[in-house]
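Q: Could we go through this one together? I'd like to start with a helix and then move to the ligand.

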Amino acid sequence: MAADAKHVIDFDHHGPMLRDHNTEQLKELMYNDAGCPMGWSTAHNGHWAIWGYDALYDAVQDAETFSSTHLPPECPKGVPGALYPDPLIPIDIDGQEQQDYRKVVLNWFNPGHARSLEPRIQQICDDLIDDFIESGEADLAYQLFTALPAIVTLEMLGWESHRWREWVGWVHSFIHDATHDPELAMQNTMLMYGSINNEIARRRDELGDDLFSDMMRTPVAGKVLDDDELRNFATLVLLGGMDTTSGVTGNSVLLIDQDDELRRQIIDNIDQMPKIIEEFLRYAGPGGGLYRRVTKDVEFHGEQMHEGEKVLMMFWAANRDPKAFPDPEKIDIFRTQNRHMAFGLGPHRCLGSHHARRMFATLMTGIFTRIPDFEVDWDGVERFEDCGSVYAVRHLPVTFTPGPRLTPA
Ligand code: HEM
């Protein structure tokens, strides 16, 4: 396949190079001598990767040519193929069916609902910072960025949020272990599915006023979702909800720690946080490894693509395309034109974007008002071993001047 590709690269998005030299790797793709917006990677049995803004923009809007549906075993989903061949709902589905599934949860994933959650998001953020602010040290990744989105997601689903550490452990393993330790990822995935099945069973007799009850009660094409559909839908809400917002916050904090001027700008413009986070979503977004399947032979942006080939949609790379963003490597919180694709585009555009923005803005405001002089202990920073799907930090230790709690212990 793709023996006729014009631009061939040796690029492994699951490998250590992208994890440890992210900017250099993305630049190498973008500023290639041939000026190509895409290439054929020889990694993982071969696949296309699209990083140019215009090419990616065209591809994600053309779901007929670039399908999200995968056909196991010939083309198992993911690059490389996922362990578990079931489609995640709605991300691995096309057309009307996908739109019908989205409608099931739209009451929960809209700007108004995200706005209504704001006081609760603020409260969780305040409490989490209270837990460590007097000590002058914290692992921000685990104690704050990971905890907050996980608690919010579980509360929306109507599941016990005090168990967030367990759920997060399974989700992290599903996303970050699948390529380098598939057995461990599979064990954790099975534990997660067991717990989702328990939630289904708990609600069979009595539904509540929560997202998961709505998923159980709302018919799609005249029929309520069966247990497999519920599990595959809930799994995606967990994956989307728990790893991504945490990833972009951690990536941003690490960048700001290395740039005193940027830190000063953020502190001085703290009331502009909704705009500031857009620049970090553009530059420090978490990924990553989303893919499509080519449905027919097609010539696309100078390359001949063939039916059945896989394509990696590199939203985070496109967000650094100089054709779309002047001086793209500069983090400019005053940037005026910022049509980034951190949340994707087209029929699969992120359902959780409104919630993600609220959580990200609240976390950043909390950090830069309550512990603005934090210093990262770089020896203790740990990224997930595989950052190919979501580029995120597992541990991010900091020290700072201790401050007062907002609520008494
Ligand atoms: C900064 C945080 C986030 C980023 C950068 C992000 C990014 C993305 C991207 C790029 C897609 C498009 C996938 C594709 O085209 O194949 C997507 C889809 C999705 N996201 Fe997010 N996401 C974030 C937060 C969230 C949150 C908080 C949730 C839920 C609580 C969520 C749930 C989803 C779902 C369910 C989809 C699938 C939509 C569909 O296929 O129709 N995401 N996200």
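A: A word on terms before the helix: its expected span is 1.5 Å times one less than its number of residues. Please also keep in mind that this is a predicted model.

Q: OK, so how many residues does H9 have, and how far does it reach?

A: Helix H9, residues 182-203, has 22 residues and reaches 32 Å from its first C-alpha to its last, which is close to the 32 Å expected at 1.5 Å a residue.

Q: Which residues in H9 are buried?

A: Ala185, Thr189, Met192 and Ile196 are buried in H9. They lie on the same side of the helix, because they cover an arc of only 65 degrees around its axis.

Q: And what covers them?

A: The cover over the buried residues of H9 includes helix H8 (164-176) and helix H11 (227-257), while the face turned away from the buried side carries the exposed residues Glu183, Leu184, Met190, Gly194, Asn198 and Ala201.

Q: Switching to the ligand: how many residues surround it, and which are closest?

A: The ligand is surrounded by 27 residues, of which Gly240, Gly241, Gly344, Cys350 and Gly352 are the closest. By class, the shell has 14 nonpolar, 12 polar and 1 charged residues.

Q: Which helix gives the largest share of that shell?

A: That is H11, with 7 residues; helix H4 (95-105), H11 and helix H15 (353-370) each supply at least two.

Q: Last topic, the largest nonpolar core: which residues touch the most other members?

A: Of its 117 residues, Ile50, Leu56, Leu148, Met313 and Met314 do, and helix H7 (residues 140-157) gives the most to this core, with 12 residues.

Key:
Residues numbered from 1 in each chain as written. Predicted model: local features only at pLDDT ≥ 70, side-chain atom pairs only at ≥ 80, totals over all residues. Helix = DSSP H or I, 4+ residues; strand = E, 2+ residues; numbered from the N terminus. Buried ≥ 20, exposed ≤ 12 C-beta atoms within 10 Å, placed from the backbone. Arc of directions from axis to C-beta. Contact = placed C-beta atoms within 7 Å. Near = placed C-beta within 6 Å. Nonpolar A, V, L, I, M, F, W, Y, C, P; charged D, E, K, R; others polar. Core = buried A, V, L, I, M, F, W, Y, C linked by C-beta atoms within 7 Å.
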